[in-house]
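Biologist: Could you take me closely through the salt bridges in this structure, and through the helix packing around them?

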Amino acid sequence: MTSTLDSNRPSAGDRARARAYGREFWPGMAAYAVVLAAALTWGDLDGTGPWRFAWALAPVLPVAWLVRVVLRQVRRVDEFQRLLLLQSLAIGFAVSMLSAVTLGFLAVAGLHLADAPWIVFGAGMLGWALSGICPGRR
């Protein structure tokens, strides 16, 4: 029996890739939290000053970093992990589009939600996260 090949435990390479992803991801998330807190605290987002737009866009910079981190992880992982990751990204995208279309038609019918973009974002991220967890459990 080839017990080392049949193991469900991550290989040394898988663990190294996961650590590399964590070393890049968590500082990006921390930067996002700090910049978001600063924007909400000092950005005067409900005001009328022109700087409110810069403050409102400031959290996008750490998010751009996180996009870079995910793309690096896609290039870093093996073919099977890449397939699972891209499938979960596709499911998250499909959930985002479905929620955007649903909210769009509800807006046409007269329901206007100020937080509609955040609902679409949250639905897509939840779809990505849940579909990424499920295949990894097999």
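This is a predicted model: local features need pLDDT of at least 70, side-chain atom pairs count only at pLDDT 80 or more; totals for chains, interfaces and linings use all residues.

Modeller: A search of the whole structure gives three salt bridges. Another pairs the side chains of Arg72 and Glu24 at 2.9 Å, N to O, and this pair links distant parts of the chain, since Arg72 is in helix α3 and Glu24 in helix α1, 48 residues apart. Glu24 is buried, because its relative accessible area of 14% falls under the 20% cut-off, whereas Arg72, at 33% relative accessibility, counts as partly exposed. Glu24 also meets Arg76 through a side-chain salt bridge of 3.0 Å, N to O; Glu24 lies in helix α1 and Arg76 in helix α3, so this pair ties together parts that are 52 residues apart in sequence. Arg76 counts as partly exposed, with 21% relative accessibility, and Glu24, Arg72 and Arg76 are thus linked in a network of salt bridges.

As for the packing, helix α1 (residues 12-42) and helix α3 (residues 60-76) pack at an angle of about 170 degrees, with their axes 9 Å apart, which makes α1 roughly antiparallel to α3. Among the residues that meet are Arg17, Glu24, Phe25 and Tyr32 in α1, and Trp65, Leu66, Arg72 and Arg76 in α3. By class, the contact of α1 with α3 has 13 nonpolar, two polar and four charged residues.

Notes. Residues are numbered from 1 along each chain as its sequence is written. Side-chain values use heavy atoms; hydrogens and water are left out. Axes are lines fitted to C-alpha atoms, for helices over the stretch in contact, and angles run from 0 to 180 degrees between N-to-C directions. Helices (H or I, at least four residues) and strands (E, at least two) are DSSP runs, numbered from the N terminus. Angles under 35 degrees count as roughly parallel, over 145 as roughly antiparallel, 65 to 115 as roughly perpendicular and the rest as oblique. Contact means heavy atoms within 4.5 Å. Ala, Val, Leu, Ile, Met, Phe, Trp, Tyr, Cys and Pro count as nonpolar, Asp, Glu, Lys and Arg as charged, and the others, Gly among them, as polar. A salt bridge is a side-chain nitrogen of Lys or Arg within 4 Å of a carboxyl oxygen of Asp or Glu. Buried means under 20% relative accessible area, exposed over 50%, partly exposed in between (1.4 Å probe, protein chains only).
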